[in-house]
Structures are given as structure tokens and as C-alpha cells.
Amino acid sequence: MIWRIAKKEFSLNLLSRKFAIALVLCLLLIPVTIIVSLDNYNSLVRTYQIDKERADKELKAARVYSAVKPILVFPPQPLSIFCQGVSNQMGHSVKIRLGEKTLLGEGSVNGRDNPLLMSFFSIDFIHVLAILISLLGLIFSFDLFSGEKENGTFKLLLSNPVKRSTVIIGKIVGVFLSLAPILILCYILSILILFFSPKVHFSIADWLGILTIFVASFFFMAFFVALGLLVSLKSRSSFNGIVVSLFLWLWFLFVWPNISVYASQSLVRTEMLDQLQQALRNCEKDMLTKKEEITKNLHFYNVCWNCNDGEDEYREVAGSLRRTMEEQRRFKEQYEPIRLAYADKKWQLQRAYLDNLNKQERTARYISFFSPSEIFSHLGSMLCGTSAISQQILYERARNYRETLVNYFVQNKIFASYKYFTPQAESTFLNTWDEQINIASCGECKNGKEFEEWKRKHGGSIDIIYRCLYKDGILENYPPLNISALPIFNQYSLSITSSFPLILMETTVILTLFLILLAMVYKASILYDVR
Amino acid sequence: MKTEKIKPSVFKDLFIKETHLNLMNLRFQVAFIIIITMFVVGTFFNIKETIDKRDTYNKYYSQWLEDMKQQAGSNSTSLAVLYKNFIQGPRNNSFISDCKERFMPDLIVYNAYNVYGFDVKSSSNNPLLNSFDEINWSFILITVISLLSLLLTFDSISGEREAHTLALCFSNPVSRVQVLLAKWTSVLTVLMATVMLGIIISLLILVLKGQLVLNNNIVGSVALFFSFALLFTSLMSIIGLLCSSFSSNSNVSLLYAISLWLIFSIVVPNTAVLWADKMYPVKYSNVVDEEITRKHKEIIDSYPNGKFFSDRSEPFHPYHKIRATMKMDLMRNDKMIIDAYIQDLRNQFEKSRAITNISPVSLFGYSMEAITGGGYLRFQHNWEGLHTYQDQFLKWFKAYDAKDPKSPHWHNPWDNDVTTTTKPVKFEEVPIYTETLLSGSERFTKIAFYAGLLMIYIFIFFYICFIKFVKSDVR
């Protein structure tokens, strides 16, 4: 009997104009969304490849250990095509610095070159699917009871020897049967598009994720079907029913998500990133006075013969005198541990900032649990590895890697070695200034005295010391460092199994809501007055 | 003769009947509650948010001024060459619309020699949060009223057709235009009265909480907002009537209406990026970077050896001049490439935005920028303002430098060097950029443009709806 009622509903729906329009809507919206997301993903991949190549090149080209600042470039998640989550709001690369720990991702955000385009939101599959199937769930169920009551066929139906529960279950199954093809079509369409795009490769774990989202979307749809039924049972006329359900739809899908985030911003206050940076600079002031103290005791003679400087105390010297090299070495030996200590100190400030951000995110998430569509999209972002939590896991790994790297440096006493700042072998260091002048001027000036004379004669010109190239003094002549023993970071991907415990809460909430709703539907239908 | 005399009163009767029906309708009552709640809740959140933001920004800005003061007190060259960030602060009329400012460039980098670029800093944004819209007046219009005006109108023709009351109505001496107009104006009246009430409540809360001083600017913006809201609601409700006249089944006209709403508020705004990339491609940033690096190498190679020589004890050393000219050359070269690139980016943005104007929802969102003086218009204003300011700043610095006999006056845009004056300077004498409000004339053309476009849309849709309605079979 259940089957017969379901079949009747199914065939009635299948022939209706409603079904045709719903199908067209899906056929229009889903491909457009997938194509937009795919385009986005492709540009992310392009940025990733460029960044990765650059990072590898930079690391391989390092001639000294102070140039070893690995940049971890995280590949875009293929599943981000389905759900972007927050992955597009942070950069995809992390530079490992000794002087500062990683807070959040850096580099180009979004994979888009034009920052102005950020004001155009781009929706993803999960959102569009949530909008569509909730809408369809409501539209196909709002007149299931009130419609038949208005026609007078409900009385007729119940005059047959069937139980009410059979009718209800039959009707629900019928709606499900008519919506399932649309839902399945949405997935098939998007997977087909992705299948024919060359840059997208899903792993087995990714497929598992898609499957889980697929199952979850059925529950999500069922929730809205039940909601539509409940409204239909409670409302007198079917049109009042649909309008009320549509208000609920508007509220759940478009109003509440915004309210939840907006409210969390009011409830949990965070500071500006610039303020954190100001605080970090203040913290560094102390460190810089210590640096001055160290340099006061050291005397840098002829500091820069041929040298490169850069951020995070990168320094590369060649061709300097032995005593300069020694001073430099002693400076690094004393100063680098101080910088490491200050990185830990600064991390206290950074962590307070990060904790606040996390607290705000958590608040927003909990408030948004009042909307089933938000639960669904959170679930999607967790499964796709694009949620705030999964992003944080990556940054945490980067911080751990920094620790490993620091340990490697400390254990091998690299800070105290010449290799930290010069590619030149210790045995080839020059001992005197005269020697240096002699080589640089092709022997025209034998010593410093002659150089000073030459300078005076030529109106302060120092051209003479550029006469001959001092081979040992040219950084480009040195081969890159052998970094094969360096610890390597290889935890770029998030495993799907790690996200399963995360979605436990979302699943429980959505299932509980669904069961409560189902119980309410059942009760309302038993009490339903068919007259 | 007689019928003509009756006409106005028929319209009045129809209008009263429709309005009465709308007011008594459950959907309007629910809508009324939603709208008013959102106005109230949104205003309270907005007040809290604005206070927080202003407070945070003021703290940041005073620290920034402090840093500048310190720079000025130690060395005027370092003050001039230091890269400075201009960050846009919160606006005082953000309760009307935030104009998606959190996703707009709000950071401009400059020093005395150049304005280097801009970025979407969104420094007060939490990157861990999902992107969202703030609950303000324009959000209520864009999301809630747009759907409501469709929901109130989708069955006003098809529903009457189903109930056969339309045929009855036409049997009276009344023209079809009047029926259509009566339906349209009554929905408008009901909705706009609600919006008006919401606006008044919101303003009252703001004034009572001491967050708002009603000056000419604010009153003007509010009045403009209301007129645009009226235009927007008229457009959306005429679209609803159009959907209604296209089908004899209100079930189907509902789906038409919702499909259109989805296209206008989801599909069109969200596919802009795709169009931007495909129709107006720009150079990739890494290509531009490579071009700059290549040019840098060329320029550096063209200068003689010793160009990087530096000796702080000897300002007049001839090598310093070489370095200063070289750096100036590099800066000019960068400026040429980057300014052209930025122009490309802005063109891409403006053109792809022009495409999304086909959606009334996007169009209304953009018109908010002209009304409140925020969003992209504000960025544009600041971008140009900073260029003017940078000229002044450089002139001031050059004049100050010229007074110092110990300085060789070799201007170097990047290095904190001894080739220009190293004397400290009184901070009060240094020109500081402050943001000015957009002038009326800057906004007026935009306002006229958006209003004109909305009116054209209204006219087109009304015309189609009218033709359809007049020709329709009422049976």
C-alpha cells in the first residue's frame, strides 16, 4: 500500500510543470556553479605551481644556511570545487622564519591576481545545492496534505481501508522518489564536468568525501521535506503554507548565516591584524637593543665586500677578511638564539590573537547551528578540508616543522658555523686589507696606503678596486648548499579520516533536528483534521 | 462620458481592496514581523560593531601617528622614504550599507615619492569566518524585500485567474491598466510603509543610543536610500506581476518568480569573476613581476661599478649620487609598469561590474556606494586623493631638504640615506593625509546613472507585463 501511494505521488509529480521547472533550474544552476568553481580551482592550481616552483628554486639555490627559509606551499584541495569554505580567505603558502612563528597562511589569497575581484563572491556547489534542494523539498511537500484537503481527495483517500501512517509514509516516500532523481542528476552532472577537466584529480579519499556529502545531502533534503510537511499540516490553505515555508527558507539560508557571523563579531571582539603587528614590533624593540649590545662588543671591519642581506636576518658574505668573518660568526652565534627566544615570546601575543579568532569562529559556528543549511555547509567544508579547523591543522603542522628545523640547526651547531653566512671555505679567507686591495685592483695598488693615495688623486673615486674581479668574493660563483640532510616537510594533504571525528557534532545535530521534526510531523498528521 | 467619471473612484476602490487584502494576508503579517525584527536587530548589532571598529581603528591610528612622530623626531629622510600604509577607517553611515567594503581594497601603500599600490587588507576581518553580509538596511532590501515583493505578487493575477475573480473584476467598467496599476501600487504602498517604519525605528535607536547626529549629509543619504528602495521594490514587484501574468497556475508562477530571484541574486553576482577572467583578461601578476625584475637588471647594469657604495660619514660622496639617480630611475620604471597594470585591473573590475548591472539586485547594491560614498567609489576617491597628497608631501620634503646646507639634495626614493637631510622635523609641520568625504558632484552622476537604469528596467518590465496582461485570456 505504501508503495502504491508513493508511486501515485511520484507519477503525479513527474508529469507536473513544477518538476520540469525544477529540473531546468538544476540544469542551469549546477553546471554554472561547477564551471565557476572549476575556473577558480584552475587559477589556484596555476598559482600553486608558480609558487611551488619558486619556493623549490629558492631553497635549492641557497648557498648558506641563513638563506634556508623553506616556503611550504599547500596545494589547493580538489574538493574545494565542491565547497570553498574559508580556504580562499587565507594564503596558501607559509614561509618558515626563525624570528617569527607562522600565524596564518601568507601569499596570494584566492589565486586571483586582481584583488578588486574579491568583492564578487563566488558560490560553491554545496551552497547552490543547499539552496536548490531545500527549495525543492519545500515546494514539493507544501501541498501534500493541504492541497489534497482543498481538492477534497484526502477524505476520499482515507475512506479506503488504509492506515494514516501508511498514507503519510507513502507520501513522504513519493516526494523522496521524485526529488531523488534531481539530486542524483546534480551530482552526476557536476562529476561529469569534473571528469572531463584535465587538471582535477580525485583520490580515493576524495571520492569517499563526495560520497559522504551525497549521503548528507539526502538527510538535508529530508529535513526540508519534513519541514514542508509540518507547515502543510499546520496551515489552512496550501498557499499560506508555501509562503510560510519560503519565509523559513529565506531565514535559514540567507538571513541566519549572515546574522550568526555578524553576531559573533559583536559578541567576541578581535583586534586588527595591524595592531598585532604593532605589538610585535614593540616586542622586537627589546630584542633590537640586545642586538646593539652584541654589535657594540664586536667590530665589523669592512663589513660588506660582497654581501646580500634580507629579511629574517638572512646574510650572505664572501671575500671579507678573516677577522670580519669571525666577528660575523660570533654575532650570529649570539644573536640567533636570542631571536629564537623572542619568536617564542612573540608567539604568546600571536596565540592570544589566534585564540580570539578561533573563539569568534566557534561562536559563529554554534550560533549558525540553528540553521540546517549552515550545518550542512559546515559539514561539507569539513569533509572537503576547507573549514577553519582543517586549515588550522595545516598551519599547526607548519609550526611543528619549524621546530624540527630549529632543532636541526641547533643540534648541528649551524648558527656557530661559517656556513651559516658564507659559502666561502675557511681556508680561503683573506687575512689583510692590503691583500684585498691588491687583488681587487689587479695589483695596481699594493696596499691600503696606495689605495688612499689613488683615491685622493682621482677625487674620491674608488673605481680602482673594481678593476679586477676577486673570484672568491663573488657570491654567484659558489655552488648551492647540500641540503639533503635537512628535515623535509611532506604533510601537505589532509586525510579524510582526520575529518570524520570533526563532523561528528554536525551529524548529531542535524540527525537530532531531523528526528524531532519527524516526530512532530507524525503527531501533527495523526491529529490532522481532514475536513 | 459616464465611465470616465467613474474611473478615478474605481481605481481608488481597487487600490483599497488590494491594500486591504495584502494587509490581512498572513504572508504580509509574517513579512512585517521579519522586516521590523531585522531592522531592530541589525541596528543593535551595527551599533556594537561600529563602536568596536571605531575604537580599534582609533587605537591603531593613534599608534600609527605615534610611530610617525617618532620617525619625524629622529630623521626626516626616514620619515619620507618609509613605506606608509593608509588604511580606511569605519564609515559613519555604515548602518545604511557596508558596500562590501570588507572585500574592497582598503589599504594603500605610499611614501613621499610614489603611491605604490593597494590591497584588500580587510585587517579587521577574521579569515576563519565564512564570508558574510552585514545586516544593514541595504541587506534587508537586497535579500528580504526583493523576495518578499515577489512573494506578495506572484499570485495576484494567476491566483485571481484560478479563483475566477479576475473575470468578474473585468466585467465592471474598469480598464485593465487600472487593475494592474492598483495591484502594483498597493503592494508598493504596503511594503514601503513597512520599510519606512523600519527605517524610522532604526534611526530612532541610533539617535537615542547617541550614535548618530542627524546632519544634512545623513538626512540626504537616508532620503536617497528611501527613493532607491522605492525604485527597487517597484522593479521587483513588477517582476512578480510579470511572473504572475505569464502563467494561469500560481504554483508555476511561484517557481518562475523564485527562479528569477535566484538568477538575479545568486547566479549573476556570483559569476562575475568568470566573466572578468574570460572577457577582460589581464596579465598575470607573476608576468608583471618578471617584467619588473628584467627591467631592474637592465637599469642596474647600465650604471657604473660602485653604484651600491655607501658611506654614511661622507654624504657628498659622488657614488651616493649615482645610487640615488639609479634608485630614482628604478622607481620611475616600476611606477610606469605598475600603474599601467593597476589601470588594467581597475578596468577589468569596472567592466565586469558593468555586466552584473543586468541584475537589479546587484544594481541596487552598487547604487548604495553612490548614496553612502563607500565601497569602490571611496577607494577610488582615496586613491586619487593620496596621489595629490603624495605630490604635496614630496614638495614639502624637497623644500625642507633645500633648507639644510649639510644635505647634498640627491633624492633617493627607497633608501634611508644621508643624501637628503637627516635633520629631525617638527611633526606638526609634516602634511598628513586625511580622508575627505566624496563631494556631491562626484556622487551625483553615479546616482543619476543607477536611478536611470532602474527606471529603464521598471519601464521595460511594466511594458511587457502590461502587454501580457491586456492580451491575456481571463478564463
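Which side chain does B:Asp55 meet in a salt bridge? I started my notebook with that one, and the partner is A:Arg269, with 2.7 Å from N to O. A reminder to myself before going on: this is a predicted model.

**Entry 1: polar links between the chains**

I then looked for other links of this kind. The rule finds three salt bridges across the interface of chain A and chain B. For polar contacts, I noted six residue pairs between the two chains, both residues at pLDDT 80 or more.

Next I asked which helices of chain A take part.

**Entry 2: the extent of the contact**

Together the chains bury about 8000 Å², and 68% of that lies on carbon and sulfur atoms.

**Entry 3: a covered helix in chain B**

I moved on to helix α13 of chain B, residues 360-372. Its 13 residues reach 18 Å from first C-alpha to last, close to the 18 Å expected at 1.5 Å a residue. Is α13(B) mostly covered or mostly open? Mostly covered, I found, with 12 of its 13 residues buried. Among the buried ones I listed B:Pro360, B:Leu363, B:Phe364, B:Tyr366, B:Met368 and B:Glu369.

What do these buried residues pack against? My list has α4 (137-153), α8 (216-246), α9 (250-270), α12 (318-356), α14 (375-402) and α15 (440-471), which belong to chain B. Just after α13(B) I came to B:Gly373, which takes a positive phi of about 70 degrees.

**Entry 4: another helix in chain B**

My last stop was helix α7 of chain B, residues 176-208. I counted its 33 residues along a reach of 48 Å from first C-alpha to last, close to the 48 Å expected at 1.5 Å a residue. Just after α7(B) sits B:Gly210, with a positive phi of about 75 degrees.

Note on methods
Residues numbered from 1 in each chain as written. Chains lettered and ligands numbered in written order. Heavy atoms only, no water. Buried area = accessible area lost by both parts, 1.4 Å probe. Salt bridge = Lys/Arg side-chain N within 4 Å of Asp/Glu carboxyl O. Polar contact = N/O pair within 3.5 Å; in protein donor to acceptor, adjacent residues only side chain to side chain. Helix = DSSP H or I, 4+ residues; strand = E, 2+ residues; numbered from the N terminus. Expected span 1.5 Å × (residues − 1). Buried < 20%, exposed > 50% of the residue type's maximum accessible area, 1.4 Å probe, protein only. Contact = heavy atoms within 4.5 Å.
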